[in-house]
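Have the viewer open as you read.

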Amino acid sequence: MQAQFLNTSIDVSASLLPGAASAIIFDCDGLLADTEDLWLRAVAACANERGTTLTDLAGFRGGAIDDVAAQLVTILAAAGLPTLSVNKLEVSLSEEFQSLIAQEATAMPGAVALVSELASRFPVAVASNSPRALLDQILERIGVRDLITCSVARDEVSAGKPAPELYVAALRKLHELDPLVTAETAVAFEDSAVGALAAMSAGLLVVGVNADPKVVLNCHVRHTTLLEEELVDWARILEREKPAQVGPYTLVGGSFDAATSTLTVQCQYPAEQTARVQVYAQSDCLWNELPAGLPVASASVPNNRESLSIDLAHLPDGTYRFLLVTDGLVPEWNGRTGEFTVRTTVPVAQSAAPQTAAPATFTPESPEQGVTAMTWNLWFGGCHSNDGHAKQVAYLRESSHSIVALQESFGDHGRRLAAAMGWNIAQQGHDTAVISPYPLSLHQTETDPFATCATVFTPTGAVTVWSAHLWHSDYGPYTADDARIPARYTLASRGERRRTGELAKILSEQGRLEREGVVSAQDSILIMGDFNVPSHLDWKPGHRANTVEWPTSRMLEVAGYADAFRVVHPNVGVAPGHTWSPIIPSDEEPRDRIDFIFSRGARALAAYTVAGEAESEAPPKRRIGENRQVGLGASVLGHHLENAWPTDHAAVVARLHWN
């Protein structure tokens with residue numbers, strides 16, 4: 001999480017149909033093509049041919065052909081009737097359905113006109129639970145095949161709706177054609193409950209179209225037909241999404257060589273900006289401010305981004321911080337900073353970078369003890385706390401964690417921490433990393449910069465570990481805690497949908513790694529990190545102003561992952577487990593649990609928060625050096641520099657046993 005501070009302004013009278021979009025993705029059966037009744041007739045006919053009559057066909061609406069075939073096999077077996085294999089029933093269903101399509105399929109009212117209008121200005125895709133042969137036949141029959149930019153069929157992905165795979169694949173295809181297409185800027189049209197859930201789980205804004213009030217659609221906007229005046233007018237005036245104006249990306253890292261009194265710094269920043277590295281006494285560097293006094297040293301940064309060396313032989317003993325200053329400002333809350341210590345009395349051999357400390361001793365855990373995992377947002381690498389790196393090392397040396405997922409590593413901070421501990425590191429991108437005393441293997445995934453995946457080879461077996469840092473803007477509790485604001489407005493925000501889309505990509509990439517044999521499907525899996533969104537388990541009736549089915553935690557639950565903290569502490573009232581934020585006053589930021597350890601194939605033996613306001617079964621608080629205690633009593637934002645806990649998040653720890 002990156003602090004945003006409370007803001008609950010929202011117009012609940014405004015339509016949730018967006019004014020701009022990058023792409024449109026349609027369902028097919030029942031949405032574009034009037035085939036739902038044909039499909040149910042095909043299902044009923046297959047059941048009748050095998051000696052049974054289906055009295056309730058609603059449960060088959062929108063279902064993928066392989067799932068429906070499996071349901072029929074179960075029904076026939078329960079009735080004591082002869083059964084075919086699922087594959088043979090799929091063939092029978094497909095043949096029956098194709099025959100009906102060829103004779104009777106028509107477009108839904110308004111479908112061709114709506115697709116034509118949108119396809120004239122936007123890339124348009126179809127994501128369908130039908131297999132490829134059926135999908136092509138339907139699109140051709142109703143006259144929209146040539147209008148579609150691309151399509152994805154059920155037999156081209158690992159899981160059909162309600163899983164998000166079809167929409168993730170459609171977004172991937174569209175993004176390859178137009179980089180502006182993302183989950184948070186695309187719109188999906190769905191008519192079925194399973195389809196709407198799939199689109200929501202992929203992070204899209206979902207327009208539900210169904211005239212039957214008995215059908216519950218998990219969507220942001222609902223209409224009865226594609227002919228409704230609001231939809232027709234919206235399609236005419238909808239604008240193309242413009243490229244996002246991303247703020248200047250800056251990054252700075254460096255090291256101090258005490259033997260030569262030389263600070264070496266390497267920076268990345270927009271070439272059109274003027275930049276300088278300025279060195280200050282650490283005590284002068286306060287929260288979110290450029291120090292008022294003059295720097296003790298400074299130098300211009302070359303535009304070619306070569307390393308910059310600054311001679312600091314004149315500095316007295318003390319701790320210093322260097323800042324990258326662009327156009328007179330410190331970018332992103334002093335976030336790209338580094339610190340170093342000058343001690344002339346320390347022998348040269350001991351005065352280099354902090355990594356030279358002796359590696360921590362590590363005793364492997366026994367199978368009975370389980371493996372202890374931790375997720376830890378470092379808060380811009382630890383730069384917002386005096387001696388942040390030293391405090392990180394001190395905490396890990398006094399703890400017994402053996403798998404640590406890091407967020408906000410910001411370049412080399414995770415590597416410095418791993419080196420100081422004598423541990424291994426897997427890192428993809430500048431933000432997330434996994435560190436461990438056990439051997440690691442990094443896996444390249446399509447989740448840079450928000451997630452890193454690695455296999456950790458523990459003495460009790462290999463485990464796939466994800467460190468995730470989902471998008472930070474549009475923090476949901478700002479609006480969801482207001483009973484006047486319906487939850488759908490919160491869930492429709494771009495930030496919320498971006499987080500959902502990022503998690504959908506993680507789950508999709510995990511499936512790919514398993515299919516390609518990169519990781520074993522039998523290995524335990526940990527998905528840990530700063531999700532920047534609460535859990536649906538914590539927002540049940542009676543706990544907050546609204547009941548909110550936060551999609552990320554719900555998706556993981558459906559996919560078979562368990563929330564370690566909530567498994568151990570099921571009572572939200574007794575153990576809220578808040579991780580955001582122990583150093584920001586509650587009247588400025590609502591408290592919530594947004595850091596998680598989710599596991600599949602593992603059992604949580606214990607779980608607790610570190611530095612939370614209400615720690616649950618945590619080890620006794622300890623002092624680190626001469627600083628404040630970890631946890632309760634830490635100074636709030638603005639007076640936090642000497643806190644022993646060098647971050648604005650509480651961490652989550654779980655002791656896990658592989659099944």
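Which residues does Leu 118 touch, not counting residues up to four places away in sequence? Its partners are Ile 24, Phe 26, Val 124, Ala 235 and Leu 238. Keep in mind throughout that this is a predicted model.

## The chain as a whole

The chain is built with 15 helices and 27 strands. It has 659 residues, of which 56% count as buried. Taking contacts between residues at least 6 apart in sequence, 69% join residues at least 24 apart.

The largest nonpolar core has 59 residues, and Leu 118 is listed with Ile 24, Phe 26, Leu 72, Leu 93, Phe 189 and Trp 234 as having the most contacts inside it. Two of these, Ile 24 and Phe 26, are also touched by Leu 118. Helix 1, which covers residues 36–49, gives the most to this core, with seven residues.

There is also a second, separate core, made of 54 residues. Among its members are Leu 174, Ala 199, Leu 491 and Val 519.

## Helix 13 against helix 14

Two packed helices are described by the angle between their axes and the distance between the axes. For helix 13 (residues 494–515) and helix 14 (residues 551–558), the axes come within 9 Å and cross at roughly 25°. An angle under 35 degrees counts as roughly parallel, so helix 13 and helix 14 are roughly parallel to each other. The crossing is right-handed.

On the helix 13 side, the contact uses Arg 499, Thr 500, Leu 503, Ala 504 and Leu 507. Helix 14 brings Pro 551, Thr 552, Met 555 and Leu 556. Sorted by type, the residues of this contact are six nonpolar, two polar and one charged. As a reminder for reading such a list, an α-helix has 3.6 residues a turn, so residues three or four places apart point the same way.

## Helix 9 against helix 10

How do helix 9 (residues 388–397) and helix 10 (residues 413–421) cross, and within what distance do their axes come? The axes come within 10 Å and cross at roughly 45°, and helix 9 and helix 10 are therefore oblique to each other. Helix 9 passes helix 10 in a right-handed crossing. His 389, Gln 392, Val 393, Leu 396 and Arg 397 of helix 9 meet Arg 416, Leu 417, Ala 420 and Met 421 of helix 10. This contact holds five nonpolar, two polar and two charged residues.

Helix 9 is largely enclosed by the rest of the structure, because eight of its ten residues are buried. The buried ones are Gly 388, His 389, Lys 391, Gln 392, Val 393, Ala 394, Tyr 395 and Leu 396.

## Two residues up close

Gln 282 sits in the loop between strand 11 (275–281) and strand 12 (297–300). Is Gln 282 buried or exposed? Its relative accessible area is 5%, so Gln 282 is buried. Leaving out residues up to four places away in sequence, Gln 282 touches Thr 319, Tyr 320, Arg 321, Glu 339, Ser 385, Asn 386 and Asp 387.

Ser 255 belongs to strand 9 (residues 251–257), and with 39% relative accessibility it counts as partly exposed. Beyond its neighbours within four places in sequence, Ser 255 is in contact with Thr 262, Leu 263 and Thr 264. Val 265 lies ten residues from Ser 255 along the chain, with 6.7 Å between their C-alpha atoms.

Methods:
Residues numbered from 1 in each chain as written. Predicted model: local features only at pLDDT ≥ 70, side-chain atom pairs only at ≥ 80, totals over all residues. Heavy atoms only, no water. Axes fitted to C-alpha atoms, helices over the stretch in contact; angles between N-to-C directions. Helix = DSSP H or I, 4+ residues; strand = E, 2+ residues; numbered from the N terminus. Parallel < 35°, antiparallel > 145°, perpendicular 65-115°, else oblique. Left-handed = near helix turned anticlockwise from the far one by under 90°. Contact = heavy atoms within 4.5 Å. Nonpolar A, V, L, I, M, F, W, Y, C, P; charged D, E, K, R; others polar. Buried < 20%, exposed > 50% of the residue type's maximum accessible area, 1.4 Å probe, protein only. Core = buried A, V, L, I, M, F, W, Y, C linked by side-chain atoms within 4.5 Å.
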